[in-house]
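These are my notes on a first look through this structure. I wrote down each thing as I looked it up.

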Amino acid sequence: MKAGMSLKTMFVTMMVLFLVIPSLVNGKEKKAVDESSLYVRMGGYDVISNVIDDFLTKSWADPRISHFFIGMGTDTRNRLRQKNKNLMCFTTGGPCRVLNRPLEVVHVGLGITDTDFYIIVDHIMVSLKKFDVPDKEREQLHAKLLSLKPKIVNTTEVPLSAPKREGMKETARMANALGISNFNIGRFEEALSHFQVASKEDSGVGEYHFNEAMALDKLGKHSLAVKHFKAAQKNAHGNNKIIGSKILKAHVSK
Ligand code: HEM
């Protein structure tokens, strides 16, 4: 009798486990795909998978940029494929999870130039056409890709430490140093918050405004960057790295 009761209890428990709990979990976990999403309109996961495989194979074989991928074994390359597939799937509205580290962190220090960036974008665009992604969707993806540029391209210019001048505040100098450390490892949000502290405390130091503008530029906040590049110019104290900065000139001439 006791054994019969426990069998019944076991049966009920298993029903709960197999029927009720999975449906609850799925309800929370499963991401509904919007039929009008770019993901669906471009052809879904199969197309994304083909496009990524195709453009990466071409990029690795392209003598203009293949040096960036030297030393990557098959497993690392397959991981790079999958991370890129998930990223494209997720950002177009598909049901994938992002696997990669932040783009601004993973590309920092590789020395990727504008030219390298556009080579990759071209490879992606050609692959999208090869797998019949329609014009409108290709244009939307193109715009998305271009918006990633500040996270991927490393300018040759770096944030500046301030030379010692009379009356400068030590706390601002320390905040600036922290900002530089964060900037150099691609943590631009954090770098920005330290540069903001420095430029607020010592607003007459051009280097702090310059660094704030550099971080803003990386975060795509160009109109604010212009404001701080201008303040850097005004408070340059003859620092040629500020006066002759290409990135500053590109902003203030806008
Ligand atoms: C078009 C925009 C680009 C996107 C969306 C993109 C995406 C990615 C992703 C998702 C990863 C994997 C990150 C991780 O391991 O967590 C990655 C890594 C990498 N990317 Fe890009 N990338 C782009 C442009 C470029 C360019 C222009 C180059 C060089 C020509 C490049 C070279 C690399 C290299 C070498 C790695 C491996 C870095 C490492 O693991 O140390 N990427 N990229």
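How many salt bridges does the structure hold? I counted a salt bridge as a side-chain nitrogen of Lys or Arg within 4 Å of a carboxyl oxygen of Asp or Glu. The structure holds eleven of them. In general, side chains of opposite charge can pair when their charged atoms come close.

Before going on, I noted that this is a predicted model, where local features need pLDDT of at least 70 and side-chain atom pairs count only at pLDDT 80 or more, while totals for chains, interfaces and linings use all residues. Residues are numbered from 1 along each chain as its sequence is written, and side-chain values use heavy atoms, with hydrogens and water left out.

Entry: Arg41 and Glu137. I looked up this salt bridge and found the closest N and O atoms 2.7 Å apart. The pair links distant parts of the chain, with Arg41 in helix 2 (residues 38-41) and Glu137 in helix 7 (residues 135-147), 96 residues apart. Helices here are DSSP runs of H or I with at least four residues, numbered from the N terminus. For accessibility I took buried as under 20% relative accessible area, exposed as over 50%, and partly exposed as in between, with a 1.4 Å probe and protein chains only. Arg41 counts as partly exposed because its relative accessibility is 28%. Glu137 is at 7%, so it counts as buried.

Entry: Asp53 and Lys85. Their side chains meet in a salt bridge at 3.1 Å, N to O. This pair also links distant parts of the chain: Asp53 sits in helix 3 (residues 44-61) and Lys85 in helix 4 (residues 74-91), 32 residues apart. Asp53 is partly exposed at 24% relative accessibility, whereas Lys85 is buried at 7%.

Entry: Lys58 and Asp54. I found a salt bridge between these side chains at 3.4 Å, N to O. Both residues lie in helix 3, four residues apart, which is about one turn of the helix. Is Asp54 buried or exposed? With a relative accessible area of 14%, Asp54 is buried; Lys58, at 25%, is partly exposed.

Entry: Which protein residue is a donor to the iron atom of the ligand? The single donor from the protein is His107, through NE2, 2.1 Å away. Donors are N, O and S atoms within 2.8 Å of the metal (3.2 Å for Na, K and Ca), and water is not among the atoms, so sites may look incomplete. I placed His107 in the loop between helix 5 (103-106) and helix 6 (114-130).

How values were computed
Helix = DSSP H or I, 4+ residues; strand = E, 2+ residues; numbered from the N terminus.
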